[in-house]
Each structure stands twice: as structure tokens, then as C-alpha cells.
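Please read the following report alongside the sequence and the model, which are shown next.

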Amino acid sequence: MEETKEQILVKRLLSKEESAWKELFGAYSGMLTYVCSRYIISKDDVHDVLQNSFIKMFRSIDSFEYRGNGSLKAWITRIVVNESLKHIKQNPDFKMVADVEIPDVPHEEEPDLNEVSQATIMKMIRSLPDGYRTVFNLYVFENKSHKEIAVLLGIAENSSASQFHRAKAMLAQKIKEYKMSKTAHYE
């Protein structure tokens, strides 16, 4: 059975081969920047978190266990998410959002995403308040339960659910407004 590119790269990383680290950075830095920027807005902070993440990867590569194709990508993504959360929690300005007036969106009224680009949706997600954005990302992109999110962020489980519900409602409102402005623009 022939080794995959990922397995070969892992072996090279484990032997602390400098060119392997450059290869890892070249192959994954764009994707990891995208992951990090879902949580953190400031480009300087994203850069700092990514730098810390790569240092953490380098220092803990010996603990990495190859579990099949894609496991390296999953491991480095998890490190970036964890480092992003660590950064957020250390930020004195980070807070869960208290009650903000957001119209309730009935469950059956999911936003219509046709004609809304992925880049536009990501901008909308990035514009959510910190607490909403963090919970939304953990729930939607990292598939974390509200119980897991509560532990990660040091909040109550019902706070996580509430933050997610509000984030989803705010996002639905933003999408609705975007589509209405786009429609009005063409009329």
C-alpha cells in the first residue's frame, strides 16, 4: 500500500524537517487564515493567532497521530480554532451580547441564500457581534453542541443556545436586507 502525500508530509514534520514545515505552511496557510478570520476580525490579530498556531503545531507535532487521509488538516484546523478561542477569551473587549432587539424568525422562514455569494455571507457572519459570531461559528462550522460551546467559552449552555438563535436571526435579517437592497437597486 502506497503512502499518501499527507502521510509522507507527516513523517517529514515528525523528523522536524524545515522544508516540510514550509510546505505545510504553503499548503494550508490560506485555509487556516480563512478559519481564523471567521472568529477574529483584525488582520493583525489573525496574523498573531496563526503565528501562535504554527508554533503550537511545531511544538506538539510529536503528539499528532495519523488516523487516515485528512487527519492532519483536521488537527491543524482544531489548533487554529482553539488558539482563536484562546485569543478571544483573553481579549478584554470580548463579551457575550446581552439582549438586542432582533425580530424573531420563524423556523420555517429560513433565509433564501440564492443569489447571495459565499463571500457576502462570510462578511455578514464577520459583522455579527463577537459572542454571536463565536457561538455561530462553533455550532455551524465546527459542529459543536451547545454543551461543548458552553464549556469552551465558560458560559451557560442556554446562553450558547440563545446566542446562536440571536446570531441566526440577525444573519437572516442581514440577508433579507441585502436581497431587498439588491432588488431595489435593479428596479
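Asn143 lies in the loop between α6 and α7 (146–153), where helices are DSSP runs of H or I with at least four residues, strands are runs of E with at least two, and both are numbered from the N terminus. This is a predicted model, in which local features need pLDDT of at least 70 and side-chain atom pairs count only at pLDDT 80 or more, while totals for chains, interfaces and linings use all residues. Residues are numbered from 1 along each chain as its sequence is written, and side-chain values use heavy atoms, with hydrogens and water left out.

The phi angle of Asn143 is near 55°, a positive value in a residue other than glycine. Most residues other than glycine have a negative phi. Asn143 counts as exposed because its relative accessible area is 64%; the classes are buried for under 20%, exposed for over 50% and partly exposed in between, with a 1.4 Å probe and protein chains only. Lys16, a residue other than glycine, also has a positive phi, near 60°, and it lies in the loop between α1 and α2. Lys16 is partly exposed, since its relative accessibility is 35%.

## The kinked helix α2

Helix α2 (residues 18–39) has 22 residues, and its end C-alpha atoms are 29 Å apart, which agrees with the 32 Å that it should span at 1.5 Å a residue; the expected span is 1.5 Å times one less than the number of residues. A kink of about 55° is centred on Tyr28 in α2, the bend at a residue being the angle between axes fitted to the seven residues ending there and the seven starting there.

Tyr28 is itself buried, as are other residues of α2 including Ala20, Trp21, Leu24, Leu32, Val35, Cys36 and Tyr39. The buried residues of α2 pack against α1 (5–14), α3 (43–60), α4 (71–90), α5 (118–126) and α6, where contact means heavy atoms within 4.5 Å.

Ser84 lies in helix α4 and counts as buried because its relative accessible area is 0%. Leaving aside neighbours within four places in sequence, Ser84 is in contact with Cys36, Tyr39, Ile40 and Val49; of these partners, Cys36 and Tyr39 are among the buried residues of α2.

Tyr66 is found in the loop between α3 and α4 and is partly exposed, with a relative accessible area of 25%. When residues up to four places away in sequence are not counted, Tyr66 touches Thr4, Glu6, Gln7, Val10 and Ser71. The C-alpha atoms of Tyr66 and Glu6 are separated by 9.1 Å, although these residues are 60 apart along the chain.

## Surface and overall make-up

Tyr139, Val140 and Phe141 make a nonpolar surface patch of about 230 Å². Tyr139 lies in helix α6 (residues 130–140) and is partly exposed, since its relative accessibility is 33%. Patches are made of residues with over 30% relative accessible area and no salt bridge, with like charges joined within 9 Å and nonpolar side chains (Val, Leu, Ile, Met, Phe, Trp, Tyr) within 5 Å; a salt bridge is a side-chain nitrogen of Lys or Arg within 4 Å of a carboxyl oxygen of Asp or Glu.

The chain has 8 helices and 0 strands, and 38% of its 187 residues count as buried. Among contacts between residues at least 6 apart in sequence, 72% join residues at least 24 apart. The accessible surface of the chain comes to about 11,500 Å², of which 53% belongs to carbon and sulfur atoms; accessible areas come from the Shrake-Rupley method with a 1.4 Å probe, and for residues only the protein chains shown count as cover.
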